[in-house]
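Please open the model in your viewer and keep the selection panel at hand. The tour below moves from one selection to the next and says what is to be found at each stop.

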Amino acid sequence: MTIKVLIADDQMMVREGFSVLLNAMPDIEVVGEAVNGREAVERVRELAPDVVLMDIRMPQLNGIEATREIIASEGNAKVLVLTTFDLDEYVYQALRAGASGFLLKDASARQLAEGVRVVASGEALLAPTVTRRLITEFSKLAETPRLSATVQAQQYGELTERETEVLVLIAQGLSNAEIASRLVVAESTIKTHVSRVLVKLGLRDRTQAAVFAYEARLVTPG
């Protein structure tokens, strides 16, 4: 099954370079390009890609707002943010907007292709340690306020005690295997708990779950 990719970046060399690298993969096809955020949103509607490689700093509509619009649409496109620095101050905001992860623009062909595959499969492209570092460093920079106590109670109050525990461990950067070891249960059991947490909270992936835990103050930076 071929993964359809849209590349959104205002730099032609970046678009062309990524297109060449990805089209060389037997299971990936670049179906279109966009030079700004507004065009990215429009092209997603037209082409229905599986994954959007999204630059953050673009004219007309930046990558964060474009990501928010794409995620809010009825399509199933996943957004993979492109950034020059691994501690870009906007990455956290992009994750809050619904991005499934991020890649550095100097990623190798193998890393780029694997990143696209991971995100297309519904997983988050953020290693647990990166998730923890990003959210810890940038949670204070979020433009919107943290969840109110009422919303917190309504949303994570539906989780069981074990599911809440799993959510906290996700936010602390533990993988499923590490959580299973910590709680002394099978990894398959943790996968089930993670799936239930995502469904109950209406979240897309474990990255969004980690962000939610910090927003809800279930976990605090530090």
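Begin with the buried residues of α1, which pack against β1 (3-8), β2 (28-34), β3 (51-55), β4 (78-83) and α5 (109-120); contact here means heavy atoms within 4.5 Å, and helices (H or I, at least four residues) and strands (E, at least two) are DSSP runs numbered from the N terminus. This is a predicted model, in which local features need pLDDT of at least 70 and side-chain atom pairs count only at pLDDT 80 or more, while totals for chains, interfaces and linings use all residues. Residues are numbered from 1 along each chain as its sequence is written, and side-chain values use heavy atoms, with hydrogens and water left out.

Now select α1 itself, residues 12-23, a helix of 12 residues. Its buried residues are Val14, Arg15, Phe18, Ser19 and Leu22, where buried means under 20% relative accessible area, exposed over 50%, and partly exposed in between (1.4 Å probe, protein chains only). They cover an arc of only 130 degrees around the axis, which puts them on the same side of α1; the arc is that of the directions from the helix axis to the C-beta atoms. On the other side of α1, Met13 and Val20 are exposed.

Next, select β3, where five of the five residues are buried. Val51, Leu53 and Asp55 point one way from the strand, whereas Val52 and Met54 point the other way. In a regular strand the side chains alternate between the two faces of the sheet.

β1 and β3 pair in the parallel sense over four bridges, and Ala8 stands opposite Met54 of β3. β3 and β4 also run parallel, joined by five bridges, and the bridge partner of Asp55 in β4 is Leu82.

Then turn to the loop between β3 and α3, where Gln60 lies. Gln60 has a positive phi of about 70 degrees although it is not a glycine, and at 69% relative accessibility it counts as exposed.

For a last stop, go to the loop between α9 (176-183) and α10 (187-201), and select Val184. Is Val184 buried or exposed? At 71% relative accessibility, Val184 counts as exposed, and its phi is near 55 degrees, a positive value in a residue other than glycine.

Note on methods. Expected span 1.5 Å × (residues − 1). Pairing = 2+ DSSP bridges.
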